[in-house]
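This briefing goes through selected parts of one model, grouped by topic. Please keep the sequence and the 3D view open while reading.

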Amino acid sequence: RCNNRNRAFFAHWLCDQLVALQLCAVTVSLDLGHLEKLAAPGSCFSFTFFMGRYGLMCARYQAFQQFENDTKHVNEKIENQESSHVKIAQGEVLPIIDYYSLNMAKKVLVATEKPFAKKAVDGIREVVEKAGYELKMLEKYTDKAQLLEAVADVDALIIRSDKVTAEVLAAAKNLKIVVRAGAGYDNVDLEAATERGVVVMNTPGQNANAVAELTIAMMVFMARNGFNPGTGMELRGKRLGIVAYGAIGRIVADVADGFGMYVHVYSSPNPNKVRLYAKHLRRDDSLEQMFSESNFVSLHMPATPETKGMIGYDLIKLMPAGGVLVNTARKELVDEEGLIRAFEERSDLKYVTDIAPVRIEEMKEKFGNRVFATPKKMGAETAEANINAAVAAATQIVGFFEKGDVQFQVNK
């Protein structure tokens with residue numbers, strides 16, 4: 001079961017054992033006087049040679065014992081992994097183990113169609129290389145084939161909004177972990193990853209402040225008519241409904257409280273367990289209650305089978321006059337057909353989103369400045385959020401390999 005490298009190590013060890021036996025034989029058969037003669041300068045058979053060789057033998061033997069312990073540890077780690085097999089003469093099937101390959105540095109790929117900031121990449125590199133791993137970069141790729149080629153030999157993958165499909169996972173034969181640098185992870189095929197034994201993680205909270213600040217900025221933008229001429233309104237004294245009171249929702253609530261707004265929160269599926277932090281907060285028992293009383297409603301939940309299309313006509317039509325719906329989460333949360341219907345019936349409603357709807361051109365044509373979408377998702381587009389999420393992703397990968405840490409695993 002050993003490769004050539006291991007056999008060579010064993011051969012050196014065996015040779016040293018023979019030298020040790022020779023040394024023992026000489027020291028037993030000779031008295032001290034003879035040993036002194038052998039050790040004398042110019043002696044053709046110097047005792048010093050034996051002592052030096054014996055010291056070398058001891059060092060090599062200790063190294064061999066350590067190698068055996070390391071080999072046992074590696075075997076335990078891979079006992080459940082796929083490996084090539086060979087049938088020995090008796091018909092038993094044993095794995096062929098390439099210990100040299102297993103001890104090589106793990107490869108971490110950063111695959112980002114929309115690259116991290118340079119400081120974020122530097123942070124990833126520092127964490128990865130300090131752990132003794134190899135870092136590969138694939139930035140601004142334009143074809144899925146480039147991603148399929150890049151993942152072929154990597155152990156870990158860091159992404160942003162890049163899609164990790166079943167095809168990508170199938171191409172990544174050595175892949176053990178995917179970390180989405182951000183909160184949302186609907187761009188990863190969790191079912192396919194689980195089938196292949198690949199752990200998927202996100203980095204919750206790392207870009208929360210950036211998204212929260214964008215949420216407030218969007219509220220101000222719409223309150224002031226998109227910064228176009230005309231009379232707008234102030235945020236102070238208005239009511240803000242926050243759907244999903246997680247890391248982002250809490251920061252939005254704190255900032256809104258500073259603006260003097262009254263904040264309503266709704267967090268499904270356990271709204272009664274919501275802990276309120278800011279001064280002017282109220283917990284709502286239902287979305288209907290929240291929408292009917294809130295001048296602004298901000299969405300912060302992930303896109304799941306339960307939440308997709310959750311915000312539609314029946315809720316939107318309940319908003320007070322001049323109501324504004326804010327979406328910095330996922331476009332799938334809003335039922336576009338229902339939103340268009342409500343906006344056709346209510347000319348006072350507004351919608352601002354960081355994720356352009358599928359029917360954005362139709363909405364712009366029908367509703368003008370009442371609908372605004374950022375050209376490209378920019379919730380986490382700050383230097384601070386870039387660095388925080390990137391470094392967290394790299395740190396979680398190292399923790400996974402070195403300690404088995406799966407705290408942020410999302411495909412349990």
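How many residues does helix H10 have, and how far does H10 reach from its first C-alpha to its last? Helix H10 (residues 247-258) has twelve residues and reaches 17 Å, close to the 16 Å expected at 1.5 Å a residue; the expected span is 1.5 Å times one less than the number of residues. The model is predicted: local features need pLDDT of at least 70 and side-chain atom pairs count only at pLDDT 80 or more, while totals for chains, interfaces and linings use all residues. Residues are numbered from 1 along each chain as its sequence is written, and side-chain values use heavy atoms, with hydrogens and water left out. Helices (H or I, at least four residues) and strands (E, at least two) are DSSP runs, numbered from the N terminus.

**Helix H10**

- The buried residues (under 20% relative accessible area, 1.4 Å probe, protein chains only) in H10 are Ile248, Gly249, Val252, Ala253, Ala256 and Asp257.
- They lie on the same side of H10 because they cover an arc of only 165° around the axis, taken from the directions from the helix axis to the C-beta atoms.
- The cover over these buried residues includes helix H9 (208-223) and strands E8 (239-243), E9 (262-266) and E10 (281-283).
- Gly260 follows H10 and has a positive phi, near 85°.

- Five strands, paired in parallel (pairing needs at least two DSSP bridges), form an open sheet in the order E4-E3-E5-E6-E7.
- Strands E4 (134-139) and E7 (199-202) are the edges, each pairing on one side only.
- From one strand to the next, the twist averages 20°.
- Strand E3 (residues 107-112) pairs with E4 in the parallel sense over six bridges, and Ala111 stands opposite Leu138 in E4.
- Helix H5 (residues 118-130) packs on the sheet and touches E3, E4 and strand E5 (156-159); contact means heavy atoms within 4.5 Å.

**Thr374**

- Thr374 is in the loop between strand E14 (371-373) and helix H15 (383-403).
- Thr374 is buried, with a relative accessible area of 6%.
- Leaving aside neighbours within four places in sequence, Thr374 is in contact with Met218, Thr353, Asp354 and Ile355.
- Ile355 is 19 residues from Thr374 in sequence, and 6.7 Å away in space, C-alpha to C-alpha.

**Helices H13 and H14**

- Helix H13 (residues 336-345) and helix H14 (residues 360-367) pack at about 5°, with axes 11 Å apart.
- That makes H13 roughly parallel to H14, a label for angles under 35 degrees.
- The contact involves Glu336, Leu339, Ile340, Phe343 and Glu344 of H13, and Glu362, Met363, Lys366 and Phe367 of H14.

How values were computed: Buried means under 20% relative accessible area, exposed over 50%, partly exposed in between (1.4 Å probe, protein chains only). Axes are lines fitted to C-alpha atoms, for helices over the stretch in contact, and angles run from 0 to 180 degrees between N-to-C directions. Angles under 35 degrees count as roughly parallel, over 145 as roughly antiparallel, 65 to 115 as roughly perpendicular and the rest as oblique.
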